[in-house]
Every structure is written in structure tokens, then in C-alpha cells.
Amino acid sequence: MSGASGKPMTRGIRLTIVGVLAFVLLIVAGFVHRIQQPRVLTVSEMRANGLFLLDTPRELGDFALVDHRGEPFVPARLEGQWSLVFFGFTHCPDICPTTMAFLDRLAGKLEGTEAEDTAVFMVSVDPARDTVDQLASYVPYFNDDFTGVTGEFLDLYSFATKLNAPFRKVPGQGEDYVVDHSANVVLINPRGDYHGFFKAPLDLAKMKVTLRSALYRWNR
């Protein structure tokens with residue numbers, strides 16, 4: 001009798017031990033997963049790091065520009081990934097090449113899906129000189145995956161104004177003129193909406209962790 005009753009008892013103890021071990025493993029796995037996730041910055045922390053988010057992302061409406069590969073640059077091009085948009089021009093002596101080189105370093109720091117889901121665009125504020133061919137010889141110098149954008153002046157100005165990045169040609173400088181423009185980097189979300197902007201001057205370490213936090217908050 002004792003042998004017959006002992007088997008169910010032994011099996012019950014084993015099941016209890018297995019259940020306890022499974023529970024402990026589940027707790028440990030959850031803890032490991034949690035500590036591997038990036039710390040999510042608060043909105044105020046992100047602002048302190050230079051990222052200013054809109055309370056409500058803004059739709060950009062219609063626009064029709066062209067990229068440095070001769071392909072149409074329309075709203076659909078900003079959908080399905082995060083986009084970093086910088087307004088500049090190829091004859092810019094300092095801010096533009098510095099920012100493009102900075103964005104190349106940032107792109108090199110992104111990992112996994114962050115890198116796959118983030119595109120970089122330089123939109124020209126000088127369409128008179130920044131033709132498709134000119135951009136094609138300029139933008140890939142910094143990164144082959146970056147995209148240059150140009151178009152008609154009024155179309156570019158309208159697009160820039162939607163992103164709070166108006167620009168103007170500095171008068172009285174002849175053919176070697178410069179263009180005043182924002183040095184901020186605009187953040188576009190995967191719906192193609194204006195999500196916020198990184199305020200200049202840019203800091204690589206802060207921008208990386210803040211961008212990661214913004215992406216993570218979006219995907220939660």
C-alpha cells in the first residue's frame with residue numbers, strides 16, 4: 001500500500017519542483033529582458049538632451065520634390081521608417097558639412113532595427129545651385145545611404161516652413177552667396193508626420209540615447 005501511494009506523492013513533488021523552477025526562470029527571464037531594454041527618458045529629460053517633441057505630431061500634407069537619384073520625393077517616402085531631416089546646401093562652408101559628418105557618425109552608432117528603421121535626408125535650401133547632379137556628388141560623400149532632396153524654390157520653401165525651418169538667401173554677395181537656414185535636425189515619425197526636432201548644437205551621445213528613447217516610446 002505504501003509503495004502504491006508513494007508514487008503519486010513523488011510525482012506530485014516533482015511537478016511542484018518543476019513548477020517552482022519554471023516560475024523562477026520566468027521571473028529571471030523577465031528581469032534580464034527588462035534590464036536589457038533602453039531606459040525610457042521622460043519628455044523633460046529628452047528636452048534637456050535637445051529633443052523637442054510636438055504635443056501632437058503634425059501632418060505635412062502634400063509635397064512633390066526630387067531626390068539626388070532623380071526619384072520623386074513625395075509623402076510616401078517618409079512613411080514606414082523614422083526620418084532625420086536636415087536643411088542645408090552644398091556650397092555651405094561650415095554648418096552643413098559638419099552636420100552631415102555628424103549624422104554619418106550617428107548612423108554608425110545605431111544598432112539593429114534602429115539603423116534599419118532610420119533614414120537621413122538633406123533637403124536643399126539652395127535649389128538654384130543644388131541640382132540633382134550636384135546633390136548626387138555631394139550627399140553620398142558623407143554616406144551612401146543618405147538622400148539629398150531638391151526641387152522648385154517655392155516647393156522647397158513650403159516644405160521647410162511646414163517643418164519650422166524657413167530659410168533666406170543673404171543679399172549682396174553675388175554668385176558666392178550663402179543661405180541662412182536652421183541647423184536643427186527634424187524628426188519625422190513612421191506615419192510621415194512632423195514629430196519633433198533636435199536643437200543645435202548637436203551632441204552625439206545625447207542624440208543617440210534620446211533618439212533611441214523616442215523610438216522605444218513610440219513602439220511600446
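Me: Among contacts between residues at least 6 apart in sequence, what percentage join residues at least 24 apart?
Reply: Keep in mind that we're looking at a predicted model. The chain's secondary structure comes to 7 helices and 10 strands. Take the contacts in the chain between residues at least 6 apart in sequence, and the share that joins residues at least 24 apart is 73%.

Me: What percentage of the residues in the chain are buried?
Reply: A residue gets called buried when its relative accessible area is under 20%. Apply that to the 220 residues in the chain, and the buried part is 37%.

Me: Which residues does UniProt list for "binding site"?
Reply: The record here is an unreviewed UniProt entry. The residues it lists are spread over 90 residues of sequence, yet they cluster in space, with a largest C-alpha distance of 10.3 Å. According to that entry, they are Cys92, Cys96 and His181.

Me: Is Cys92 buried or exposed?
Reply: Cys92 is found in the loop between strand S4 (82-88) and helix H3 (95-109). The cut-off for buried is under 20% relative accessible area. Cys92 has 9%, so this residue counts as buried.

Me: What is the relative accessibility of Cys96?
Reply: Cys96 is another residue that UniProt lists for "binding site". Cys96 counts as buried, because its relative accessibility is 0%.

Me: Leaving aside neighbours within four places in sequence, which residues is Cys92 in contact with?
Reply: Contact here means heavy atoms within 4.5 Å. Once the neighbours within four places in sequence are set aside, Cys92 is in contact with Pro97 and His181.

Me: Where is the place of His181?
Reply: His181 is buried, with a relative accessible area of 16%. Not counting residues up to four places away in sequence, His181 touches a list of residues, among them Cys92, Cys96, Val125 and Phe167. Its place is in the loop between strand S8 (179-180) and strand S9 (185-188).

Me: Which residue's backbone oxygen does the side chain of His181 reach?
Reply: The residues that His181 touches include Phe86, Phe87 and Gly88. The side chain of His181 reaches a backbone oxygen at 2.9 Å, and that oxygen belongs to Phe87.

Me: Which residues form one aromatic cluster?
Reply: The whole structure has 12 aromatic pairs. Ring centres have to lie within 6.5 Å to pair. The cluster is made of Phe63, Phe73, Phe87, Phe121 and Phe159.

Me: How many residues apart in sequence are the parts that the pair of Phe153 and Phe167 ties together?
Reply: Among the 12 aromatic pairs, Phe153 and Phe167 form one that is edge-to-face, 5.8 Å centre to centre with 85 degrees between the planes. Phe153 lies in helix H6 (residues 153-162), while Phe167 lies in the loop between H6 and strand S7 (168-169), so the parts tied together are apart in sequence by 14 residues.

Me: The charged end of Arg129 sits over the ring of which residue?
Reply: Arg129 is found in the loop between strand S5 (118-124) and helix H5 (132-142), and is buried, with a relative accessible area of 16%. A polar atom of its side chain lies 3.1 Å from the backbone oxygen of Glu175. The ring under its charged end has its centre 3.7 Å away and belongs to Tyr177.

Me: How far from the centre of the ring of Tyr177 is the charged end of Lys169?
Reply: Tyr177 is one of the residues that Arg129 touches. Lys169 also has its charged end over the ring of Tyr177, and the distance to the ring centre is 4.2 Å.

Me: What is the phi of Asn164, which is not a glycine?
Reply: Asn164 has its place in the loop between H6 and S7. Its relative accessible area is 45%, so Asn164 is partly exposed. Although Asn164 is not a glycine, its phi is positive, at about 55 degrees.

Methods
Residues are numbered from 1 along each chain as its sequence is written. This is a predicted model: local features need pLDDT of at least 70, side-chain atom pairs count only at pLDDT 80 or more; totals for chains, interfaces and linings use all residues. Side-chain values use heavy atoms; hydrogens and water are left out. UniProt positions are given in the numbering used here, feature names are shortened, and annotations may be inferred rather than shown by experiment. Helices (H or I, at least four residues) and strands (E, at least two) are DSSP runs, numbered from the N terminus. Buried means under 20% relative accessible area, exposed over 50%, partly exposed in between (1.4 Å probe, protein chains only). A polar contact is a pair of N or O atoms within 3.5 Å; within protein, one must be able to donate a hydrogen and the other to accept it, and residues adjacent in sequence count only if both atoms are side-chain atoms. Rings of Phe, Tyr and Trp (its six-membered ring) pair if their centres lie within 6.5 Å; planes under 30 degrees apart count as stacked, over 60 as edge-to-face and the rest as tilted. A charge sits over a ring if NZ of Lys or CZ of Arg is within 6 Å of the ring centre and within 35 degrees of the ring normal.
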